[in-house]
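Biologist: Please walk me through this one, one feature at a time.

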Amino acid sequence: NQVVLCKNGKRENVYAAILVARAFLGEPKHGENIKRLDGNTLNDKIENLTYASGKITYKDNKPITDRVL
């Protein structure tokens, strides 16, 4: 799920999971990505999100992390 953020006329698409994780978990350490604990990429609830090491974790051949920039 993506949201559009606007500032000074500039638009940027951002994953909702990144906004939720940063708001409730703080900034990630260098090289960490967001991991969804249940593997459901549509579940952006804070209870389902955590930070994980830089390698993308796969479940059923689908990535379940979002790269944090």
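Modeller: Start on the outside: Val 3, Leu 5 and Leu 19 make up a nonpolar surface patch, and together they have about 200 Å² of accessible area. For such patches we take residues with over 30% relative accessible area and no salt bridge, joining nonpolar side chains (Val, Leu, Ile, Met, Phe, Trp, Tyr) within 5 Å and like charges within 9 Å. Areas are Shrake-Rupley values with a 1.4 Å probe, and for residues only the protein chains shown count as cover. Keep in mind that this is a predicted model: local features need pLDDT of at least 70, side-chain atom pairs need 80 or more, and totals for chains, interfaces and linings use all residues. Numbering starts from 1 along each chain as its sequence is written, and side-chain values use heavy atoms, without hydrogens or water.

Biologist: Is Leu 19 buried, partly exposed or exposed?

Modeller: Buried is under 20% relative accessible area, exposed is over 50%, and partly exposed lies in between (1.4 Å probe, protein chains only). Leu 19 sits in helix α1, and it is partly exposed because its relative accessible area is 33%. Buried residues of α1 are Ala 16, Ala 17, Ile 18 and Ala 21.

Biologist: Which elements does the protein have, from the N terminus on?

Modeller: Helices (H or I, at least four residues) and strands (E, at least two) are DSSP runs, numbered from the N terminus. The order here is β-β-α-β-β-β-β-β, which is one helix and seven strands.

Biologist: And how do β1 and β2 run, and how many bridges join them?

Modeller: Strands pair if DSSP finds at least two bridges between them. Strands β1 (residues 2-7) and β2 (residues 10-15) are antiparallel, with six bridges. One of the partners is Tyr 15 in β2, bridged to Gln 2. Two residues lie between the strands of this hairpin, where Asn 8 takes a positive phi near 50 degrees.

Biologist: Now the inside. Which residues form the largest nonpolar core?

Modeller: In soluble globular proteins, nonpolar side chains tend to be buried together. A core here is a set of buried Ala, Val, Leu, Ile, Met, Phe, Trp, Tyr and Cys residues joined through side-chain atoms within 4.5 Å. The largest has seven: Val 14, Ala 17, Ile 18, Ala 21, Ile 34, Leu 49 and Tyr 51. Both α1 (16-25) and β4 (49-52) supply at least two of its residues, and α1 has the largest share, with three. Across the 69 residues of the protein, 28% count as buried.

Biologist: How many salt bridges are there?

Modeller: Side chains of opposite charge can pair when their charged atoms come close. The rule is a side-chain nitrogen of Lys or Arg within 4 Å of a carboxyl oxygen of Asp or Glu, and the count is two. Arg 36 pairs with Asp 44, their closest N and O atoms 2.8 Å apart. Arg 36 is buried at 2% relative accessible area, and Asp 44 also counts as buried, at 13%. Glu 27 pairs with Arg 22, with 3.6 Å between the closest N and O atoms. Glu 27 is exposed at 58%, whereas Arg 22 is partly exposed at 29%.

Biologist: How far apart are Thr 41 and Asn 1, in sequence and in space?

Modeller: They are 40 residues apart in sequence, but 8.0 Å apart in space, C-alpha to C-alpha. Thr 41 lies in the loop between β3 (33-36) and β4.
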